[in-house]
Amino acid sequence: MTGQADIDHKRLGEIATLFDEAERAIKEIEDSGGELVVPAINQLRYTGNHLVRYLADPTNTGELDDATRHCKRAAYDAYEASIIYNLLEYQKFKDDYRKVGITAVIPDYIDIQNNIDQSMSFIRDNNKGKTRGDHYEDCRTHLRILTSNVKRLNAGREELNKLIKKAQIKLLFQFFGLLLTVIATAAGVISLFLK
């Protein structure tokens with residue numbers, strides 16, 4: 001191989017690497033219990049289409065550019081779906097523990113919230129246009145940070161549930177204390193009238 005053939009061979013290797021990364025991202029989502037990521041799969045299908053066109057006409061190297069772009073977009077779409085799944089997990093966590101002092105169990109909860117907010121902003125800011133695939137590496141970075149933070153939050157669930165249980169027991173004792181006070185007061189008032 002010489003010249004253009006060497007360059008094309010190198011570019012095909014890069015496409016293969018990107019394709020593998022997108023497939024791994026899709027598989028990771030499937031393994032975590034997420035839904036099938038149809039947009040990412042469609043992007044890989046488009047990649048295949050461009051590679052077939054290139055194989056039919058090796059002088060049309062623009063097809064390699066398109067295949068690369070679709071691989072990156074497939075990875076982005078898969079990472080984005082996983083980010084959204086993790087953001088939903090985070091929202092569920094917030095709903096479950098909205099009445100608990102989370103920082104008592106997870107002291108850096110504010111930092112975790114800030115990291116998660118950055119991932120939300122990233123998705124919101126990149127959720128338009130055809131250049132989303134250009135940000136697939138950033139998307140992967142946000143996903144790793146987000147996944148780590150959501151795991152930390154979920155690891156604190158057991159201790160947070162203990163706090164909730166403790167608060168419920170305290171409230172129950174307060175209620176029964178109040179009830180006994182009311183009963184004792186009522187009994188005292190009744191005994192005054194019976195004399």
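**Threonine 47.** I looked up the accessibility of threonine 47 in this predicted model and found a relative accessibility of 0%, so the residue counts as buried, the limit for that label being under 20%. I then placed threonine 47 in the chain and found that this residue belongs to helix α2, which covers residues 38-56.

I next checked what surrounds threonine 47: setting aside neighbours within four places in sequence, I find contacts with Ile15, Phe19, Ala67, His70 and Cys71. For alanine 67 I also looked at the polar atoms, and I note that its backbone oxygen lies 3.5 Å from a polar atom of the threonine 47 side chain.

**Aromatic pairs.** In one of them, phenylalanine 93 and tyrosine 97 have ring centres 5.0 Å apart and planes at 50°, so I recorded the pair as tilted. I checked burial for both partners: phenylalanine 93 has a relative accessibility of 1% and therefore counts as buried, while tyrosine 97, at 2%, counts as buried because of that value.

I then followed phenylalanine 93 to tyrosine 109, with which it forms a tilted pair at 6.3 Å centre to centre and 45° between the planes. This pair links distant parts of the chain, since phenylalanine 93 sits in helix α3 (residues 62-96) and tyrosine 109 in helix α4 (residues 109-125), 16 residues apart. I noted that tyrosine 109 is buried, as is phenylalanine 93.

**Cluster.** Putting these entries together, I record Phe93, Tyr97 and Tyr109 as one aromatic cluster.

Key:
Residues numbered from 1 in each chain as written. Predicted model: local features only at pLDDT ≥ 70, side-chain atom pairs only at ≥ 80, totals over all residues. Heavy atoms only, no water. Phe/Tyr/Trp six-rings, centres within 6.5 Å; stacked < 30°, edge-to-face > 60°. Buried < 20%, exposed > 50% of the residue type's maximum accessible area, 1.4 Å probe, protein only. Helix = DSSP H or I, 4+ residues; strand = E, 2+ residues; numbered from the N terminus. Polar contact = N/O pair within 3.5 Å; in protein donor to acceptor, adjacent residues only side chain to side chain. Contact = heavy atoms within 4.5 Å.
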